[in-house]
Structure formats: structure tokens, C-alpha cells
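Student: Could we go through this structure together? I would like to start with charged side chains and then move on to other topics.

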Amino acid sequence: SLNYWRNSNKDEGRLLFGSLADTFALPDWLISWRLRNAIKEVYPQLGNVRFDHIWGGKLAFAPNSLPLIGRDTDYDDSDRDTNQESQAPKNFSSGVWYATGFAGHGIVPTTMAGSVLANAILEIPDQQQWQIFQTYFPPSSFNGHPYSRLGAGMVLSLYNMWDWAGKKGIPLPALPKLW
């Protein structure tokens, strides 16, 4: 399992602790229970600590474990006839720009994606890296829907079971590293 934490307010003795990965929204009681078990593994003395806030969210996974960054021109409205003159770059309203599928990789790739998309929308010359993502790592034409989330959840469960077994000393063969 993946756990991460930092002191969020040292003066008040607060700890920001994160864990878990899931492909479905979970009820607060289950998030609290799973988070308490995760924090006890790292800090056993905090096993009965009170949580001020808990929240959860779904992770987005791409089939090749790389973020999906690009523009969907199926939603391109640049050919619409408007009577208003715009000073915005033509790409500003052309299609839908997207950056998704980060699978919990963190702030660095999401910040990079924001910069890549901003440069693309503003049409900054020599800064069109989004085309590399669109060309070499395009979205799959088949996303497995409606079973894609279920499949990703099953893979996460399998890896979580392997982690649990390893912590209990149960010898198992190594699973492939997906990312």
C-alpha cells in the first residue's frame, strides 16, 4: 500500500496522512477504518487518534500507466460562426483539452501537464509537447467500459493482498511492476 504524510501544522500537532487507492467512491466509515489501519502500520501509537477530516476520491488509470494529455477535436467548435471578434488564440476554444489518468503519481506530473496544456492553448512556439503525448501515447480506442473500473479495482485489490501477505511473512512470487 502507498502511505504518505507530512506535518501540516506543527504548532497544533497536526499530521496530514494519506493512503489508499480505489477506483470507486467509498463511504466515510470505510475510508476511516482503512486509514486507521494504515496509520497504525506506520505509527502504532496513533492507532486511536481522532481524525478531523477524511475524504476519498477515485483514481484514474490509463491502460499504459502514462497520463493522457491532448485535445479531443470531436468537440471542436472553432468552425462555429460567431459574430464576436476574439483576441484569444484559436486553440483556446478549439475542442476539449484534457489531462487525466495520473493514477496517483503525484504533483510533479500533474504540474507538468498543466504547463504543457497552457503552452498548447496559448500556442507558444517550440512548446507543443502535448503533440508528443497525443502521437505516441494516445488514448485507447477501447477503454473497457463498463468493466474498466472494475478491472482496475481488481488489480489494486490483488496488489493490496500481496502487500498484506508480504507483511505477514507469507512467501509469494513477485507481481509485475505496473508503473
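Student: How many salt bridges does the structure hold?

Tutor: This is a predicted model, and the structure holds four salt bridges.

Student: Which side chain does Asp-52 meet in a salt bridge?

Tutor: Asp-52 meets the side chain of Arg-14, with 2.7 Å from N to O. The pair links distant parts of the chain, 38 residues apart. Asp-52 sits in the loop between helix H1 and strand E3, while Arg-14 belongs to strand E2.

Student: Is Arg-14 buried, partly exposed or exposed?

Tutor: Arg-14 has a relative accessibility of 35%, so it counts as partly exposed. Asp-52, at 34%, counts as partly exposed too.

Student: And what about Arg-50, which residue does it form a salt bridge with?

Tutor: Arg-50 forms a salt bridge with Asp-52, and the closest N and O atoms are 2.5 Å apart. Arg-50 is exposed because its relative accessible area is 65%, and the cut-off for exposed is over 50%.

Student: What is the salt bridge partner of Lys-167?

Tutor: The partner of Lys-167 is Glu-41, with 2.6 Å between the closest N and O atoms. Lys-167 lies in helix H4 and Glu-41 in helix H1, so this pair ties together parts that are 126 residues apart in sequence.

Student: Buried or exposed, or something in between, for Lys-167?

Tutor: Lys-167 is partly exposed, at 49% relative accessibility. Glu-41 is also partly exposed, at 46%.

Student: Let us change topic to the aromatic rings. How many aromatic pairs are there?

Tutor: The count comes to two aromatic pairs. One of them is formed by Trp-5 and Phe-17, whose ring centres are 5.6 Å apart.

Student: Why is that pair of Trp-5 and Phe-17 called stacked?

Tutor: A pair of aromatic rings is described by the distance of the centres and the angle of the planes. The planes of Trp-5 and Phe-17 are at 15 degrees, so the pair is stacked; the cut-off for stacked is under 30 degrees.

Student: Where in the protein do Trp-5 and Phe-17 lie?

Tutor: Trp-5 is in strand E1 and Phe-17 in strand E2, so the pair ties together parts that are 12 residues apart in sequence. Trp-5 is partly exposed, with a relative accessible area of 39%. Phe-17, in contrast, counts as buried at 11% relative accessibility.

Student: How are the rings of Trp-5 and Tyr-43 arranged?

Tutor: The planes of Trp-5 and Tyr-43 stand at 75 degrees, so the pair is edge-to-face, with the centres 5.8 Å apart. Trp-5 lies in strand E1 and Tyr-43 in the loop between H1 and E3, so parts 38 residues apart in sequence are tied together. Tyr-43 is partly exposed, with a relative accessible area of 25%.

Student: What do Trp-5, Phe-17 and Tyr-43 form?

Tutor: Trp-5, Phe-17 and Tyr-43 form one aromatic cluster.

Student: Now the surface. Which residues form a nonpolar patch there?

Tutor: The patch consists of Phe-24, Leu-150 and Met-154, which together have about 300 Å² of accessible area. Leu-150 is found in helix H4 and is partly exposed, with a relative accessible area of 43%.

Student: What about Asn-119, is it buried or exposed?

Tutor: Asn-119 is buried because its relative accessible area is 14%, and the cut-off for buried is under 20%. Asn-119 lies in helix H2. Leaving aside neighbours within four places in sequence, Asn-119 is in contact with Ile-124, Gln-127 and Gln-128.

Student: To finish, the whole protein. How many helices and strands does it have?

Tutor: The protein has four helices and four strands, and along the sequence they follow the pattern β-β-α-β-β-α-α-α.

Student: What share of the residues is buried?

Tutor: Buried residues make up 23% of the 179 residues. The protein exposes about 13100 Å², and carbon and sulfur atoms supply 57% of that area.

Student: And what share of the contacts with a separation of 6 or more comes from residues 24 or more positions apart?

Tutor: Residues 24 or more positions apart account for 54% of those contacts.

Technical notes:
Residues numbered from 1 in each chain as written. Predicted model: local features only at pLDDT ≥ 70, side-chain atom pairs only at ≥ 80, totals over all residues. Heavy atoms only, no water. Helix = DSSP H or I, 4+ residues; strand = E, 2+ residues; numbered from the N terminus. Buried < 20%, exposed > 50% of the residue type's maximum accessible area, 1.4 Å probe, protein only. Contact = heavy atoms within 4.5 Å. Patch = residues over 30% accessible without salt bridge, like charges linked within 9 Å, V, L, I, M, F, W, Y side chains within 5 Å. Areas by Shrake-Rupley, 256 points an atom, 1.4 Å probe, with all protein chains shown as cover. Phe/Tyr/Trp six-rings, centres within 6.5 Å; stacked < 30°, edge-to-face > 60°.
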